[in-house]
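Subject: Handing over a structure

Hi there,

Here is the structure I promised to pass on to you. Have a look at it first, and then read my notes below.

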Amino acid sequence: DYFKGLGIPLLSGRFLTRQDDSEKAPKVLVVNDVLARKFFENENPLGRQLHFKGAVWEIVGVVGSVRRYALEYEPSPQIYFAQTYFPWSICVVVHAKVPPLSLTNELRLAVRDVDPELPIADMRTLEMAVDATLQTRKVMLVLLGIFAATALVLACIGIYGVISYSVAQRTREMGIRMALGAGSGNVIALVIRQGLRLVLVGLGLGIAASLGAGVLIANQLYGVSKTDPAVMAGVIVILVVAAALASWLPARRASRVDPCVALRSE
């Protein structure tokens with residue numbers, strides 16, 4: 001019941017049974033669908049034979065493929081034998097309806113009932129096994145996330161500083177516009193539009209660059225899109241808000257200045 005315990009589906013044929021777990025039984029094995037496609041293409045692999053370890057084995061079943069070593073590696077061709085033929089290490093899979101680690105003592109007692117001298121090592125849940133393969137990547141992603149957040153904050157500060165400075169330099173221009181009859185609301189809207197136009201051009205270039213970078217790192221990603229629209233939308237909103245504030249705040253201050261004072265400013 002190894003396949004049932006791990007939820008590996010049977011695609012054709014049958015699973016291995018207790019009757020197969022004997023040296024007197026016919027030598028049979030189960031293959032995954034990657035091996036079946038690679039060596040038999042569109043033919044039915046059931047009943048076909050494989051030469052392995054100096055013996056001839058008959059294929060009796062085809063099962064789904066799993067990522068055996070790490071999530072970033074694509075499934076490779078795999079074959080499954082009865083334990084009798086490879087007894088050097090035994091992996092027992094337990095499918096539990098309760099928290100698996102709560103059964104630790106019961107599982108150790110069950111193994112000792114079979115063989116008191118048999119060592120028990122590496123008892124863990126499947127989630128723990130998967131997490132162990134991702135530890136290095138998680139550390140890298142945390143650091144990358146910190147660097148990305150820092151870059152985003154610096155971008156917001158830079159946009160705010162440059163745009164607010166450029167708006168402040170236009171105090172005289174705003175005084176002239178208001179002296180000629182422009183309302184403060186019109187002046188503020190004009191400044192915001194001009195500030196956002198520059199930011200939108202920069203965002204267009206940045207999105208194009210990020211799409212290109214996504215193609216380069218596509219093989220490093222698992223379970224996420226290289227062009228995540230939610231992330232892009234979030235970054236765009238943050239930068240646009242920063243640019244809008246950088247344009248609105250100094251423009252609002254300048255619009256409240258008396259036109260005569262603004263005209264005399266340098």
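**The core**

The largest nonpolar core has 17 residues, and those that touch the most other members are Ile 159, Ile 163, Val 167, Met 174, Val 199 and Ala 251. A nonpolar core here is a set of buried Ala, Val, Leu, Ile, Met, Phe, Trp, Tyr and Cys residues joined through side-chain atoms within 4.5 Å. Buried means under 20% relative accessible area, exposed means over 50%, and partly exposed lies in between (1.4 Å probe, protein chains only). At least two residues of this core come from each of α4, α5 (171-179), α6 (184-216) and α7 (229-255). The largest share, six residues, is supplied by α6. Helices (H or I, at least four residues) and strands (E, at least two) are DSSP runs, numbered from the N terminus.

Before you go further, please keep in mind that this is a predicted model, where local features need pLDDT of at least 70 and side-chain atom pairs count only at pLDDT 80 or more, while totals for chains, interfaces and linings use all residues. Residues are numbered from 1 along each chain as its sequence is written, and side-chain values use heavy atoms, with hydrogens and water left out.

**The strands**

Is strand β2 (residues 28-32) buried or exposed? Five of its five residues are buried, so β2 is largely enclosed by the rest of the structure. Val 28, Val 30 and Asn 32 point one way from the strand, while Leu 29 and Val 31 point the other way. As a general rule, side chains in a regular strand alternate between the two faces of the sheet.

Two strands count as paired if DSSP finds at least two bridges between them. β2 runs parallel to β4, and five bridges join them. β2 also pairs with strand β5 (residues 79-80), this time in the antiparallel sense and over two bridges.

**Charged pairs**

Side chains of opposite charge can pair when their charged atoms come close. I call it a salt bridge when a side-chain nitrogen of Lys or Arg is within 4 Å of a carboxyl oxygen of Asp or Glu. By this rule there are six salt bridges, including the following:

- Arg 14 pairs with Asp 20, with the closest N and O atoms 2.8 Å apart. Arg 14 is partly exposed at 32% relative accessibility, whereas Asp 20 is buried at 7%.
- Asp 33 and Arg 37 meet at 3.3 Å, N to O. Both lie in helix α2 (residues 33-40), four residues apart, which is about one turn of the helix.
- Arg 48 pairs with Glu 43, with the closest N and O atoms 2.6 Å apart. Arg 48 counts as partly exposed, at 34% relative accessibility.

**On the surface**

Which residues form a nonpolar patch on the surface? They are Val 139, Val 142, Leu 143, Ile 146 and Phe 147, with about 490 Å² of accessible area together. Patches are made of residues with over 30% relative accessible area and no salt bridge; like charges are joined within 9 Å, and nonpolar side chains (Val, Leu, Ile, Met, Phe, Trp, Tyr) within 5 Å. The areas come from the Shrake-Rupley method with a 1.4 Å probe, and for residues only the protein chains shown count as cover. Val 142 is found in helix α4 (residues 126-168) and counts as exposed, at 51% relative accessibility.

**Cysteines and a loop**

A search of the whole structure finds zero disulfides, a disulfide being a pair of cysteine sulfur atoms within 2.5 Å. Cys 91 is exposed, with a relative accessible area of 60%, whereas Cys 156 is buried, at 16%.

Finally, Pro 99 lies in the loop between β5 and α3 (104-114) and is exposed, at 59% relative accessibility. Pro 99 and Thr 125 are 26 residues apart in sequence, and their C-alpha atoms are 9.2 Å apart in space.
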